[in-house]
Amino acid sequence: MGIMREIVEKLIRVESELRKRKREDFLAVYNTGEVKHEKQLAFHKCTKRNRWVFGGNRSGKTECGAVESVYMARGIHPYRENRKDVCGWVVSLSQQVQRDVAQKKILHYLRRDWIEDIVMLSGRKDAPENGIIDFIRVKNVLGGSSVIGFKSCDQGREKFQGASLDFVWFDEEPPEDIYAECRMRVIDRRGDVFGTMTPLKGLTFVYNEIFLNRRNDPEVWYEFMEWEDNPYLDKGEIAALALSMDERTLQSRRYGRFASAAAGLVYPEFDENVHVIDPFPIPKEWQDTISIDPGLNNPLSAHWYAVDYDDNVYVTYEHYEAGRDIDYHADAIKQISRRLGWHTDGQGRLNALIDSAAKQRTLGSLKSVAELFYERGILVNPNVEKDLFSGIARVKSYLNRNNSLPNLYIFNTCPNLIRELKGYYWGSGDVPRKVDDHGLDEMRYYLMSRPKKTPPTAEKTVIQKDKERRARVLRRGNISF
């Protein structure tokens, strides 16, 4: 009987421990929760190697980074090929922020029985949440063990040298030199960098390198995350907090936007999730024309435009390159046109719009740029409308999806035009800053060449029609109704 009682008591203790572990398995709750945070899922599903979440406070962005780190260290990532003996870093701005935010989140999702060892910089390993962790050794389900190390930017760039890593998670925006050093750390293992941040510092290198993606790095991906995206936030609290903030603060704290740019964007109507689309085969009858903004040292920008049966405009392809001569650009434009099956005239020549400055002859040339293109089989039309403000208004009308006018869609094969739209903002004197606008210029020329559309007139109500009838009668001097 004593042995049986001892066995029963042991089973009870085991069952109790299993129930306790289940209650503490917050990763399972994250994975199987009834309400899904769709943008968190998009982050985890993305297979690119340089991923960022720009999110407001309490939008759920930090959870992404912590869970992604645990997925990789445990070898249980649901959407990626898993590795064993993974080594990664969690990078915070300071050790205090590490303890209060990233470290706390990692411990939240890392079950205690998954931990082989914890090495502390300060504090006790039996209460790691109260101290500063150096690294955690994690049991990897594929065999062996993984390491999650913790670093803080206030240690300086030298502390980030030497290691070969599978991942780096930046909790908030790091200094540029530390970001660059961490990029080097993941090269050997073809690892990942990912960041979760609220953009409070203005137009920093992250704005240029990630949001604008000036290098056109195909591995760069980002997502904006705001309060409404978090299904666990109370709607009443969201409304109350929004009322307490000015517009600039709201842009960054709620929407995770780069407020310094958003406040002065020329085209705030542009939404990359709406206006940028995947390429599809363009019917021959949709093909319209090419538009060119010429440049030699500066980039030459050319785009191929198509129009559907509802007058929606599609920017279907891009040639964008600096430091090349006319022969190179003409040849590139003709090669792209052949690949696209673009229409020509009866003699195999292409038609295009071009900046009117292309008519001018310089001291170094007896022929204008327009004439040089013409000789190379590209019949450019320099008679374009260049008024800046009416052109901007026309572009806005195509980007505004709520005015019942045709829309503008850009294939994702046009990264430089997309980058220019995102980074084009007003300067002094209500004039846009004259930088990175070559694609925008020729897009304006093209859209201004199209017939001006006006919103359709709304059907008049019975009351409006009756008022008009009465007015006509009064004008005739007949007051009898």
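Good morning. I begin at the start of helix H12, where a side-chain oxygen of aspartate 325 comes to within 3.3 Å of the backbone nitrogen of aspartate 327. Please bear in mind that this is a predicted model.

Let us consider the helix itself. H12 comprises 15 residues, 326–340, and at 1.5 Å a residue it should span 21 Å; the C-alpha atoms at its ends lie 21 Å apart, so the two values agree. Just after H12, glycine 341 adopts a positive phi of about 70°.

Which residues of H12 are buried? They are Ile326, His329, Ala330, Ala332, Ile333, Ile336 and Ser337. These residues cover an arc of only 160° around the axis, which means that they lie on the same side of H12. On the other side of H12, Arg338 and Arg339 are exposed.

What do the buried residues pack against? Their partners are strands E10 (287–293), E11 (300–307), E12 (313–321), E13 (350–354) and E14 (378–381), together with helix H13 (369–375).

I turn now to the sheet. Seven strands form an open sheet with mixed pairing, in the order E9-E15-E12-E11-E10-E13-E14. Strand E9 (276–277) and E14 are at the edges; each has a single partner strand, and therefore one side of each has no neighbour in the sheet.

Within this sheet, E10 and E11 pair in the antiparallel sense over six bridges. Isoleucine 290, for example, has tryptophan 304 in E11 as its bridge partner. H12 packs on the sheet, where it touches E10, E11, E12, E13 and E14, and the direction of H12 makes about 145° with that of E12.

Thank you for your attention.

Technical notes: Residues numbered from 1 in each chain as written. Predicted model: local features only at pLDDT ≥ 70, side-chain atom pairs only at ≥ 80, totals over all residues. Heavy atoms only, no water. Helix = DSSP H or I, 4+ residues; strand = E, 2+ residues; numbered from the N terminus. Expected span 1.5 Å × (residues − 1). Buried < 20%, exposed > 50% of the residue type's maximum accessible area, 1.4 Å probe, protein only. Arc of directions from axis to C-beta. Contact = heavy atoms within 4.5 Å. Polar contact = N/O pair within 3.5 Å; in protein donor to acceptor, adjacent residues only side chain to side chain. Pairing = 2+ DSSP bridges. Axes fitted to C-alpha atoms, helices over the stretch in contact; angles between N-to-C directions.
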